[in-house]
Amino acid sequence: MTAKERFVHPIPTFFSDAAAAPLLCAGAIGYRSMVLTGLNNGQNLGLTGFGASAHLVLKMIRYRYPNSKVFIFARSKNERDFALELGAVWAGDTEEKAPEKLDAIIDTTPVWKPVVEALNNLNKGGRLVINAIRKENVDKDYLQKLSYPNHLWLEKEIKSVANITARDVREF
């Protein structure tokens with residue numbers, strides 16, 4: 001295969017191709033999402049959905065921001081249990097309230113319900129970063145539950161991830 005040099009990234013030799021592949025997709029988008037939260041060490045982060053990207057973000061946060069607590073929102077009990085094994089301080093269902101307000105939340109799901117529910121858990125001035133490439137319409141009507149005073153008041157932000165940049169891949 002031939003590719004332009006600016007699109008090729010060296011992969012450390014200790015990674016097999018199989019081990020590196022998820023890092024270049026789920027890991028890189030997770031890294032970009034983490035950066036876009038603007039999180040500082042010691043601030044609380046939520047992850048809604050706990051698939052490939054979110055579990056890699058949890059590991060990154062534990063390494064990069066050791067004083068930050070990570071809270072997980074996932075439908076599956078198995079995913080919640082896995083998150084706790086990886087170092088999350090709390091794991092609940094999508095509709096549950098976290099025991100503390102969160103400074104940022106990353107949504108890794110393809111649906112809308114977790115977006116609305118995540119906004120309930122944000123601290124004032126908190127940021128929700130949506131890292132899904134696309135959202136399905138299956139539950140789009142859930143957006144009608146959006147309430148300005150409950151979900152957006154106090155300068156909460158919603159930010160989307162458009163693309164992973166070459167810089168993100170290099171830094172990650």
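1. Two strands pair if DSSP finds at least two bridges between them. Helices (H or I, at least four residues) and strands (E, at least two) are DSSP runs, numbered from the N terminus. With those terms, A104 stands opposite R127 in β5. Five bridges join β4 to β5, and the two strands run parallel.

2. This is a predicted model, in which local features need pLDDT of at least 70 and side-chain atom pairs count only at pLDDT 80 or more, while totals for chains, interfaces and linings use all residues. Residues are numbered from 1 along each chain as its sequence is written, and side-chain values use heavy atoms, with hydrogens and water left out.

3. The sheet is open and has six strands, in the order β3-β2-β1-β4-β5-β6, with parallel pairing. The edges are β3 (90-92) and β6 (157-160); each has a single partner strand, so one side of each is left without a neighbour in the sheet. On average, neighbouring strands of this sheet are turned by 20° against each other, direction ignored. For this, axes are lines fitted to C-alpha atoms, for helices over the stretch in contact, and angles run from 0 to 180 degrees between N-to-C directions.

4. β1 (residues 45-48) has pairings with β2 and β4. With β2 (residues 70-73), β1 pairs in the parallel sense over four bridges, and T48 stands opposite F73 in β2. β1 and β4 also pair in the parallel sense over four bridges; here the bridge partner of G46 is I105 in β4.

5. Helix α1 (residues 17-37) packs on the sheet and touches β1, β4 (102-107), β5 (122-130) and β6. Contact means heavy atoms within 4.5 Å. The direction of α1 makes about 155° with that of β5.

6. How many residues of β4 are buried? Five of its six residues are buried, and the strand is mostly covered. Buried means under 20% relative accessible area, exposed over 50%, and partly exposed in between (1.4 Å probe, protein chains only).

7. A nonpolar core is a set of buried Ala, Val, Leu, Ile, Met, Phe, Trp, Tyr and Cys residues joined through side-chain atoms within 4.5 Å. The largest one has 27 residues, and those with the most contacts inside it are L45, L47, F50, V57, I61 and I72. The elements giving two or more residues to this core are α1, β1, α2 (52-64), β2 and β4. Leaving aside residues up to four places away in sequence, I72 touches L47, F50, A83, A88, W90, A91 and G92. A second, separate core of 14 residues includes F71, A98, V115 and I130.

8. In α2, the buried residues are S53, A54, H55, L56, V57, L58, M60 and I61. Their cover includes α1, β1, β2, α3 (77-85) and β4.

9. A salt bridge is a side-chain nitrogen of Lys or Arg within 4 Å of a carboxyl oxygen of Asp or Glu. By this rule the count comes to eight salt bridges. In one of them D168 joins R32, with the closest N and O atoms 3.3 Å apart. This pair links distant parts of the chain, since D168 is in helix α6 (residues 166-171) and R32 in helix α1, 136 residues apart. D168 is buried, at a relative accessible area of 4%, whereas R32 is partly exposed at 23%.

10. E157 and R127 also meet in a salt bridge (2.5 Å, N to O). E157 lies in strand β6 and R127 in strand β5, so the pair ties together parts that are 30 residues apart in sequence. E157 is partly exposed at 35% relative accessibility, and R127 is partly exposed at 21%.

11. E171 is partly exposed, with a relative accessible area of 40%, while R167 is exposed at 54%.

12. D141 lies in the loop between β5 and α5 (148-152). D141 is exposed, with a relative accessible area of 54%. The C-alpha atoms of D141 and K113 are separated by 8.9 Å, with the two residues 28 apart along the chain.
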